[in-house]
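Biologist: Hello! I am new to this structure and would like to learn how to read its helices and strands. Could we go through it together?

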Amino acid sequence: MSPSIPTTMHAWRKHKGNPKPVWEETPVPSVSTTGVLVKLLASGVCNSDQALLDVEDRPYFNDVYTLGHEGCGEIVQVGPNVCDERLNIGTRIALLAVPGCGQSTCAECTRDLPQLCPNGVHHGIGDDGFFAEYVAVDQRAAVVLPDGVAPEIGAVATDAVTTAYHGIVRRAGVKSSETVFLFGLGGLGFNALQILLKHIKARVIVSDVRSAKLDAAKELGIPESDIVPADCAQSIPELVESRGIKVDTVLEFVGKAQTFADAQKIVRPGGKILCIGTGDQMNELDMKKGIRKRLSFLFSYGGQRGDLEDVLDLIAKGVLEPRVQTGRLRQFPEYLASLNGGEVEDRVALLPE
């Protein structure tokens with residue numbers, strides 16, 4: 001039996017021209033023929049939410065839309081043409097914010113790049129997202145949550161873990177035989193560290209300006225000799241050279257001018273630099289160094305359905321343990337401010353009232 005579904009709900013909405021989120025009543029969305037209606041159980045908060053509140057110059061964004069691009073919930077209604085037999089009323093699912101349009105004429109979806117599709121829905125990124133009580137999604141956005149995985153973990157896994165996994169595994173192709181230098185142990189970076197250490201089992205050298213983050217890396221199993229002290233007297237290139245470290249791949253989860261310059265200096269000839277952090281919008285690439293060392297510069301954005309399925313399986317098996325604190329949906333502005341101010345340890349997921 002279908003649960004009772006109200007006609008209206010509350011959601012945090014972005015209004016064009018207003019940099020502050022608005023908590024307002026809005027209609028519960030209608031389910032499409034190939035989609036499901038989801039009662040949200042957890043919605044993750046990301047630094048990108050602040051950028052989305054600030055941005056005003058993207059013409060394909062709706063003038064008013066519901067924020068939130070990390071979500072997990074329970075199906076309460078199923079469209080008549082949904083073909084996935086696992087998607088039933090009561091099924092708990094993690095939600096892909098950008099599942100792509102899935103059309104055979106789409107230049108991106110047909111190349112298995114749905115996260116770059118310009119035609120499909122972008123939940124919480126110009127289209128209605130997950131800081132709400134209900135959301136309607138196409139079946140392509142629904143990934144069944146494994147037993148034992150909490151909704152708040154499932155929510156942040158859709159971006160904070162999946163984005164790191166896609167970059168490390170799909171884009172950079174990091175192997176267990178590699179030595180990796182990781183810049184930044186924030187929400188994505190700490191998940192990246194777990195993927196490298198516990199799943200791939202590569203050697204990881206870690207750097208962060210926060211001692212608490214480095215202590216957490218040590219607790220995870222990184223030896224002190226592979227941790228760059230927050231107050232290190234040497235520059236990172238000097239430290240790498242003095243220790244005789246051969247860095248095969250650099251994971252740039254900071255994206256500042258200094259870290260990007262250091263990445264080009266410390267990576268060995270024939271190495272890779274994976275760029276995910278956007279601390280600075282513009283960074284300088286040393287063309288001569290890149291050519292002479294024959295470097296590969298890789299950029300990555302989001303992840304795909306298979307990545308999220310892999311990540312949830314690793315979480316269910318206890319290989320990955322995302323660190324998440326919880327709050328209430330009505331407190332979104334306070335938690336976003338705390339995240340922007342560096343007061344949140346890793347990630348926050350908001351639960352319904």
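Modeller: Gladly! Keep in mind that this is a predicted model. Let's begin with a strand pair: S3 and strand S16 (residues 347-351) are antiparallel and joined by 3 bridges. Within this pair, Val-45 has Val-348 of S16 as its bridge partner.

Biologist: Which other strands does S3 pair with?

Modeller: Strand S7 (residues 134-138) is one of them, running antiparallel to S3 with 5 bridges. Strand S5 (residues 70-78) is another, also antiparallel, with 8 bridges to S3. Take Val-38 as a landmark: its bridge partner in S7 is Val-135, and in S5 Val-38 stands opposite Ile-75.

Biologist: How many of the 11 residues of S3 are buried?

Modeller: In strand S3 (residues 35-45), 10 of the 11 are buried, so the strand is mostly covered, taking buried as under 20% relative accessible area.

Biologist: Now the helices, please. What describes two packed helices?

Modeller: The general idea is to give the angle between their axes and the distance between those axes. Here, helix H2 (residues 151-171) packs against helix H3 (residues 187-200) at about 55°, and the axes are 8 Å apart. That angle makes H2 oblique to H3.

Biologist: What is the handedness of the crossing of H2 and H3?

Modeller: H2 and H3 cross in the right-handed sense. By class, their contact has 11 nonpolar and 4 polar residues, with no charged ones.

Biologist: Which residues meet there?

Modeller: From H2, they include Ala-160, Tyr-165 and Ile-168; from H3, they include Leu-188, Ile-195 and His-199.

Note on methods
Residues numbered from 1 in each chain as written. Predicted model: local features only at pLDDT ≥ 70, side-chain atom pairs only at ≥ 80, totals over all residues. Heavy atoms only, no water. Axes fitted to C-alpha atoms, helices over the stretch in contact; angles between N-to-C directions. Helix = DSSP H or I, 4+ residues; strand = E, 2+ residues; numbered from the N terminus. Parallel < 35°, antiparallel > 145°, perpendicular 65-115°, else oblique. Left-handed = near helix turned anticlockwise from the far one by under 90°. Contact = heavy atoms within 4.5 Å. Nonpolar A, V, L, I, M, F, W, Y, C, P; charged D, E, K, R; others polar. Buried < 20%, exposed > 50% of the residue type's maximum accessible area, 1.4 Å probe, protein only. Pairing = 2+ DSSP bridges.
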